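The following note sets out points for a colleague who is examining the model. Please read the points alongside the sequence and the coordinates.

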Amino acid sequence: MTPILGSHVGMSGKEMMLGSVKEALSYQADTFMLYTGAPQNTKRKAIAELNIDAAWEEMRRHGIESFVVHAPYIINLANTVNPSTYEIAIESLASEIERTIAMGSHILILHPGSHVGAGVESGIDRIAQGLNQVLTNATDCCIALETMAGKGSEIGRCFEELAAIYDKTVHSDKLRVCMDTCHLNDAGYDIVNDFDGVIDRFDQLIGKDQIALFHINDSKNERGAAKDRHANIGMGTIGTKALRYIVHHPDFMHLPKILETPYIPSADDPKKTVPPYREEIALLR
């Protein structure tokens with residue numbers, strides 16, 4: 001069995017999702033991750049304009065069986081300070097769930113949110129309240145809470161915080177976890193020397209069967225820096241050896257591994273940057 005590897009891809013122009021599939025294929029990817037619009041806002045095209053059928057036809061022709069969606073960064077379910085911001089977050093998340101299902105994905109990745117000074121416990125309560133508003137027994141996709149680096153007032157910097165969200169969510173069977181290697185490192189987890197120990201701890205608290213996918217990123221920071229700065233594979237403090245170990249781990253071979261590494265200077269024009277994903281996928285594969 002070979003690992004299921006892909007990367008973040010764009011979605012824009014007339015081709016929309018079909019263009020996303022073509023970009024993934026250009027990297028020789030087995031899967032991909034997309035945002036349904038700009039990650040910094042909630043402005044979105046109508047579902048009918050996303051070119052879904054043509055995209056799936058192209059996926060089937062090339063053996064791509066699934067993909068994942070990432071919710072916009074602007075959604076902050078942990079906000080206890082601004083009621084209007086919270087309501088927008090709820091509405092936007094409900095819309096993203098609808099779009100994810102319509103596009104044929106079963107995984108919507110979500111940053112849990114930031115408590116903006118109100119405290120972790122209040123933030124977790126608020127996140128669970130929001131999830132309880134948008135998730136039902138009939139929801140045909142799962143929300144994958146992303147492990148976070150611990151920057152600012154981010155929630156999700158440790159497994160205990162994610163477990164607390166699970167505990168307070170009514171339809172917790174609709175939750176999953178997205179493990180981000182850069183974020184885990186920056187949050188203080190020793191995935192370089194003791195990845196299996198880290199997974200054992202997660203398994204005790206939540207269950208490793210709850211891991212839906214991995215974001216595979218190197219880190220520009222030392223372990224525990226709480227800064228969240230992605231680096232290209234082999235160019236950071238995690239390193240190629242540790243990342244390959246994770247990508248090829250027998251317990252997770254069936255899960256998608258998504259690259260979110262930075263663009264690199266073009267060999268033809270150093271003033272331009274280009275995606276590194278074809279080369280990095282080949283390196284990890």
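1. The side chain of Ser105 reaches the backbone oxygen of Phe67 at 2.8 Å, a polar contact (a pair of N or O atoms within 3.5 Å; within protein, one must be able to donate a hydrogen and the other to accept it, and residues adjacent in sequence count only if both atoms are side-chain atoms). A polar atom of the Ser105 side chain also lies 3.3 Å from the backbone nitrogen of Ile107.

2. The model is predicted: local features need pLDDT of at least 70, side-chain atom pairs count only at pLDDT 80 or more, and totals for chains, interfaces and linings use all residues. Residues are numbered from 1 along each chain as its sequence is written, and side-chain values use heavy atoms, with hydrogens and water left out.

3. Ser105 sits in the loop between H3 and strand E4 (107-110); helices (H or I, at least four residues) and strands (E, at least two) are DSSP runs, numbered from the N terminus. With 1% relative accessibility, Ser105 is buried, where buried means under 20% relative accessible area, exposed over 50% and partly exposed in between (1.4 Å probe, protein chains only). Beyond its neighbours within four places in sequence, Ser105 is in contact with Phe67, Val68, Val69, Thr100, Asp140 and Cys141, contact meaning heavy atoms within 4.5 Å.

4. How many salt bridges does a search of the whole structure find? The search finds eight, a salt bridge being a side-chain nitrogen of Lys or Arg within 4 Å of a carboxyl oxygen of Asp or Glu. One of them joins the side chains of Asp30 and Arg285, at 2.9 Å from N to O. Asp30 is in the loop between helix H1 (17-26) and strand E2 (31-34), and Arg285 is in the segment after helix H9 (277-284), so this pair links distant parts of the chain, 255 residues apart. Asp30 is partly exposed at 29% relative accessible area, and Arg285 is partly exposed at 33%.

5. A salt bridge also joins the side chains of Glu96 and Arg44 (3.1 Å, N to O). Glu96 belongs to helix H3 (residues 83-103), while Arg44 is in the loop between E2 and helix H2 (52-62), 52 residues apart. Glu96 is buried at 2% relative accessibility, and Arg44 is buried at 17% relative accessible area.

6. Asp251 and Lys208 form a salt bridge whose closest N and O atoms are 2.9 Å apart. Because Asp251 lies in the loop between helix H8 (240-247) and strand E10 (256-259), and Lys208 in the loop between helix H7 (195-205) and strand E7 (211-216), the pair ties together parts 43 residues apart in sequence. Asp251 is partly exposed at 36% relative accessible area, as is Lys208 at 31% relative accessibility.
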